[in-house]
Amino acid sequence: MEFNMKEVGFSTELPYGRLDVSGNEEFGFRPYQLLVSSIAVCSGGVLRTILKKQRMTFDDLHIKADIERNEEKAGRIEKIHLHFTIVSSDLDDKKMQKAIDLTTKNCSMVQSVIESIEITKTFEIK
């Protein structure tokens, strides 16, 4: 990836489109938002794949990400909590917990930060 400086932030052209990144939300995505999004969406994508491979049906999957930052250390992300809401009549808590545990092992973004950011996960089935 290559990034070009703008007046406020940086941008890059990707196959899907332009990505603007800035410390100011008015001019692009903030870097911490991209990091949290990468972890949440990677986890969600892995979870979806696991559920499909195990032939567990579901109608919807929603992810809420809560973060804790340490302002004394440059706003460092200390903890990310992911809460998955799955709409399904086919899942039970035991199967779902096993699938959630597998996401940690198989999500490349989680594995990339596992030693430096505490990541917790919960779920509910509706």
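Ala74 counts as exposed, with a relative accessibility of 78% (exposed means over 50% relative accessible area, buried under 20% and partly exposed in between, with a 1.4 Å probe and protein chains only). The model is predicted, so local features need pLDDT of at least 70 and side-chain atom pairs count only at pLDDT 80 or more, while totals for chains, interfaces and linings use all residues. Residues are numbered from 1 along each chain as its sequence is written, and side-chain values use heavy atoms, leaving out hydrogens and water.

Ala74 sits in the loop between E4 and E5 (helices, H or I of at least four residues, and strands, E of at least two, are DSSP runs numbered from the N terminus). Although Ala74 is not a glycine, its phi is positive, at about 60°. Arg55 is not a glycine either, and has a positive phi of about 55°. Arg55 belongs to the loop between H1 and E4 and counts as exposed at 74% relative accessibility.

Next comes the sheet. Three strands form an open sheet in the order E4-E5-E6, with mixed pairing (two strands pair if DSSP finds at least two bridges between them). Its edge strands, E4 (60–70) and E6 (118–125), each pair on one side only. From one strand to the next, the twist averages 15°. Strand E5 (residues 76–87) pairs with E6 in the parallel sense over 8 bridges, and Thr85 has Glu124 in E6 as its bridge partner.

Two helices complete the picture. Helix H1 (residues 31–53) lies across E4, E5 and E6, at about 35° to E5, where axes are lines fitted to C-alpha atoms, for helices over the stretch in contact (heavy atoms within 4.5 Å), and angles run from 0 to 180 degrees between N-to-C directions. Helix H2 (residues 93–106) lies across E5 and E6, running at about 155° to E6.
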